[in-house]
Amino acid sequence: MMRWVTFAAAAAALIGSLATAPARAEGDHMALPKQSWSFAGPFGTFDRAAAQRGFQVYNEVCSACHQLHHAYYRDLTGIGLSAEQVAAIAASKSISDIGDDGAPMDRPGLPSDHFKAPYANDLAARAAQNGALPPDLSLIIKARDGGADYVYALLTGYSAAPSNMKMSDGMNYNKYFVGNQVAMTPPLSEGRVTYADGTPASVNQMAKDVVTFLAFISEPETEQRKALGVRIVLFFVLMTGLTYAVKRKVWSDVDH
Amino acid sequence: MAGLHKSEFTNPVINWVDSRLPIFTMMQKEYGVFPTPKNFNYFWNFGALAMVTLMIMIATGIFLAMNYTAHTSMAFDSVQRIMRDVNYGWLIRYVHANGASMFFLVTYVHIFRGLYYGSYKAPRELLWILGVVILLIMMATAFFGYVLPWGQMSYWGATVITNLFSAIPVVGEPIVTWLWGGFSVANPTLNRFFALHYLLPFVLIGIVFLHVAALHVTGSNNPLGIDVKGPQDTLPFHPYYTIKDSVGLCLFLAIFAGFVFFAPNFFGAADNEIPANPLVTPAEIVPEWYLLPFYAILRSVPSKLGGVLMMFGSIGLLFVVPWLDTSPVRSCKFRPVYRWFLALLVIACIVLGMVGAHRPEGIWVLLGRLGTIYYFLHFLVILPVLGKLERPLPLPESISKPVLRGGGPLPSGAAAKPMEKA
């Protein structure tokens with residue numbers, strides 16, 4: 001009886017947690033095609049080459065409109081760039097600051113600077129973007145149901161609108177966006193960037209690379225977290241076994 | 001010496017302290033030699049698990065508070081600073097965030113244990129009531145905590161929950177304004193929620209202390225639900241239950257760590273990674289999983305005030321459960337019929353949880369109403385009536401003796417085996 005109840009309780013808890021969690025992911029979205037990501041799974045790590053190519057895509061394409069509010073240039077060491085490379089990337093940006101004389105001035109960026117924002121504020125962004133606000137991308141993979149698969153699907157999901165659909169002015173058809181009308185024009189096109197490593201810059205390739213980069217920016221602690229997690233979970237599993245053995249020993253003289 | 005406690009500790013330092021403040025004697029009495037029924041199963045781990053989780057929550061919470069800024073313009077960014085710039089900040093925050101879910105998980109199992117084995121019945125009514133108070137404070141604390149990251153779900157969750165009070169006739173609107181400290185959920189609201197989120201866990205410690213104190217007056221219930229007849233039925237808490245609790249604790253921490261390190265956002269909502277925006281309502285405003293059944297009850301009643309009353313009533317009902325149950329037997333082990341109704345209650349709660357996560361349309365409306373009806377029916381009708389109709393199975397003579405089949409006579413010479421430890 002007890003065994004049955006224990007099993008039922010565990011099963012109930014499991015079903016309950018599984019049944020409630022994915023429910024949030026449902027909505028008006030189309031089913032997202034699953035991609036295989038280097039950073040997926042308990043041992044997944046970021047494909048450094050893809051993440052670096054993805055940074056190039058962000059830098060040359062996305063950053064014209066989207067900021068990485070929470071990220072710093074120094075974070076780029078996490079995708080395998082050297083301190084010198086990061087310093088050079090930061091120095092190539094002109095950062096607005098206040099000079100020693102108290103007057104506004106521009107200076108070359110430092111690794112400790114946040115990524116330079118394309119607009120001074122949200123109102124300036126809207127004014128330049130036909131009223132739409134390009135979302136900050138520093139948490140975009142965590143902030144959308146479907147995560148990496150969703151952002152990839154969105155970037156590759158542009159097509160001509162169905163003939164029976166009335167599109168609003170300046171909007172673009174995208175089959176994965178809620179309501180199917182998105183203000184962002186198709187950001188990627190064949191050969192939009194030229195990869196230094198010679199990888200052909202197809203839309204799918206660029207989308208995959210930039211999503212890998214953004215996944216890193218959303219959760220820069222991922223690799224450290226998983227590596228530590230393996231050790232800690234193993235430790236507790238081992239401790240469970242040891243403690244159980246001690247428990248058996250302690251209880252061996254009890255008639256129960 | 002007059003006025004000094006007669007301490008039995010031989011270590012001179014401990015003896016000196018214990019003579020003046022007998023905390024060592026108390027610990028020895030309550031956690032060392034405390035006589036505990038010897039037939040606990042692993043369901044009796046969950047109280048200790050909840051206690052440990054509370055400590056983990058307070059420890060991580062204090063470190064989060066050192067790095068958090070309770071201001072609407074900085075709260076979201078300060079949480080991101082914790083995640084990115086504070087040493088192991090991501091670990092502290094993920095332990096705290098997943099810890100909330102773990103806390104409710106073990107507490108719900110603990111409550112189920114109490115219901116299944118009749119731990120709420122005389123003489124443990126007050127113990128149970130204190131437990132319900134703990135549950136209520138936990139819910140309030142969890143709600144306040146969920147508001148602090150100031151994401152979309154934080155903001156809109158706070159708006160929905162505080163607006164529940166507007167259902168109260170006449171004084172509802174002024175109460176909501178008073179709760180907000182203004183005319184919308186805004187900075188004063190965030191500030192007071194942070195203050196309350198920091199305060200309530202310490203209130204919780206106080207109530208938990210009373211919960212444990214009450215437990216140590218009546219003694220623990222046990223899977224048979226019968227009273228302890230003598231020392232042959234019990235074991236000293238240490239080492240028997242300290243080690244048994246440790247087994248469960250290690251396994252629990254392994255699962256807890258599994259979530260923290262490999263699926264830290266499993267229980268989270270993507271919308272809460274978007275900063276709060278009063279001008280944009282998320283497509284779905286969904287509370288955390290542990291509040292979903294109550295949210296489902298709220299939405300199953302086609303009247304705002306009715307829904308609010310039913311939702312609070314669903315928890316309020318738990319306070320009187322000791323007097324709703326009329327059965328003379330505690331443990332469901334000896335209640336062949338009620339056992340199945342209790343299983344039905346668990347199913348109803350899980351169904352309600354699923355209903356709460358879905359939009360109230362189609363089949364979910366019907367399921368929500370059926371679940372709500374069964375929840376109240378269970379406590380208000382089945383519990384009182386079934387206790388009078390059901391014929392319980394024969395109870396064992398004592399914990400250390402097997403069940404008497406067919407109510408036969410006691411085997412002769414069945415003197416209790418001496419179980420006391422030397």
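What share of the accessible surface of chain B belongs to carbon and sulfur atoms? In this predicted model, the accessible surface of chain B comes to about 19,300 Å², and 73% of that area belongs to carbon and sulfur atoms.

Figure 1. Chain B is built from 15 helices and two strands. Its radius of gyration is 24 Å, close to the 22 Å that the globule rule gives for 422 residues, so chain B is as compact as a globular protein of that length. Taken along the principal axes, the box filled by the C-alpha atoms of chain B is roughly 80 × 60 × 45 Å.

**Figure 2. Interior and contacts of chain B.** Of the 422 residues in chain B, 52% are buried. When contacts in chain B between residues at least 6 apart in sequence are considered, 78% of them join residues at least 24 apart.

**Figure 3. The interface between chain B and chain A.** On the side of chain B, 62 residues are in contact with 58 residues of chain A. Between them, the two chains bury about 4,900 Å², with 68% of this area on carbon and sulfur atoms. Within chain B, the residues that lose the most area to chain A are B:R84, B:F261 and B:F262, which together account for 15% of what that side buries.

How values were computed:
Residues numbered from 1 in each chain as written. Chains lettered and ligands numbered in written order. Predicted model: local features only at pLDDT ≥ 70, side-chain atom pairs only at ≥ 80, totals over all residues. Heavy atoms only, no water. Helix = DSSP H or I, 4+ residues; strand = E, 2+ residues; numbered from the N terminus. Rg over C-alpha atoms; globule rule 2.2 N^0.38 Å. Buried < 20%, exposed > 50% of the residue type's maximum accessible area, 1.4 Å probe, protein only. Contact = heavy atoms within 4.5 Å. Areas by Shrake-Rupley, 256 points an atom, 1.4 Å probe, with all protein chains shown as cover. Buried area = accessible area lost by both parts, 1.4 Å probe.
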